[in-house]
Amino acid sequence: MCASRARHVFGQYGLDLWGPNEHYDLLHREQRGAVILWERAILGGKRWIKLKPNDPRIPEMLRAQEGQNDAYITPNEFDGWRLVRLLRSLRACYVDLDGCTDIEAVLDALSARQLPCPSFILLSGRGLHLYWLLEAVPAQALPVWQRIQDALIAALVDLGADSAAKDCTRLLRLAGTRNSKNAVEIVGHIFDGHRWSLRQLAFEVLGRDGKGRRPAEVRDLRAKRKGPDRAIQGSIYARWLLVFQDLIRISEHHRHDIPEGHRDKWLFLCGAALSWFTHPQGIAAEIASLGRLHTGLDPQEILSTTKPNLERAIDAAAGKKLTWNGQEVDPRYRFKRQTLYDWLAPILPEDLLPQLRAIIPDNLARKREDLRQKARNRAAEGRYGDNYTKAGVRAGNLEKRAQAQAMSALGRSYRQIAAELGVSEASIRRWCRGCDVIAPLVYPPGG
């Protein structure tokens, strides 16, 4: 069962009909970047407003939205404008359910899939917006965030989850305003309002192994985990974020002016990378901005480089697949590491390569992996101080194992031995299993 559902009776989910300020405070506590507000102007126009951290006018501006038609805000925060490259802080995962207003059905679907309940829900007028609040997460965590988005949407697709509404630049309706299509006020229901760490949410949604195998029940939401889970390591999103970051570093090396003859390829690869993180409607704006800042291409040339990636992103958002090597795959572009390097090698001087992580030749990647493996081996030696003997014990623990076996033969419990030797009880059990050590007889004095 969803962890928070047991504490609520249907129809009494917590606060009802709360306004813009409450919605904003839930999402943007300790705000770090700009939040973008979109409002429908009184005379039928549209207006964008940047709500910057510590702006004392924010509460007043939000109160002015109460009862107004069609106001939206970004759940995430940005450095100036809602572009992927300007992402500052991730504040929530969310799912947009079109046409579904049955909260009980949503909770049942999440419970059936062993997924945690949302922190809060908005009735958007013609559906539901589900939010899983996050502790402030930096932009570097975007690949993990994107995987969680994918998994939550996939789990609720039968209830109308919008597969296109999963990008970090998304705008969602503001509580306390109205949906002009049916004049319905946007109502909010808070469950427990829990704010997840991204790592906790990844564990619950993606599973410990990153392949959907989750615990039998939802874990304690506030439980701390000792080490990184495989669920939050690596993905296609992680790779393309590194590619995008390398492309920006290449431009910075050339003083934000990609050399002629390579501008279209550079911009095309930017589009390929962004297609994994940006809604199709936003790719053109992102590429136009990059084209202006980093190339001398005119708007028509920029548009032509955007078209192939835009078409493939639209197909991906629509759920279409591409047949490749006999398999159905995502239609968005994928390039091998060496191919990326070969495309841009003429503008990659040797002194730039140490700064790059994804657009590098295969031989350099292998060399780096060899160095990482050697570093891991050295760290392991430093951590354990000795070598593994392949006999169930490290060399430095051979003496302790002998002591443990002798103490066991004298009738000491595993727990007592573990406490005295400062070793885990599981290790003591392993060391003493099948033990044939005969402890020396100890006679009482005068015996």
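**Exercises on aromatic pairs**

At 10% relative accessibility, W38 counts as buried (under 20% relative accessible area; exposed is over 50%, partly exposed in between, with a 1.4 Å probe and protein chains only). This is a predicted model, in which local features need pLDDT of at least 70, side-chain atom pairs count only at pLDDT 80 or more, and totals for chains, interfaces and linings use all residues. Residues are numbered from 1 along each chain as its sequence is written, and side-chain values use heavy atoms, with hydrogens and water left out.

**Exercise 1.** Classify the ring pair of W38 and W48.

Step 1. Rings of Phe, Tyr and Trp (its six-membered ring) pair if their centres lie within 6.5 Å; planes under 30 degrees apart are stacked, over 60 edge-to-face, and the rest tilted.

Step 2. The centres of W38 and W48 are 6.4 Å apart and the planes stand at 75°, so this pair is edge-to-face.

Step 3. W38 lies in strand 1 (residues 35-40) and W48 in strand 2 (residues 46-51), ten residues apart; strands are DSSP runs (E, at least two residues), numbered from the N terminus.

Step 4. W48 has 38% relative accessibility and therefore counts as partly exposed.

**Exercise 2.** Classify the ring pair of W38 and Y72.

Step 1. Here the centres are 5.6 Å apart and the planes are at 70°, so W38 and Y72 are edge-to-face.

**Exercise 3.** Which residues do ring pairs link into a cluster with W240?

Solution. The cluster contains W240, F268, Y333, F335 and W343.

Conventions:
Helices (H or I, at least four residues) and strands (E, at least two) are DSSP runs, numbered from the N terminus.
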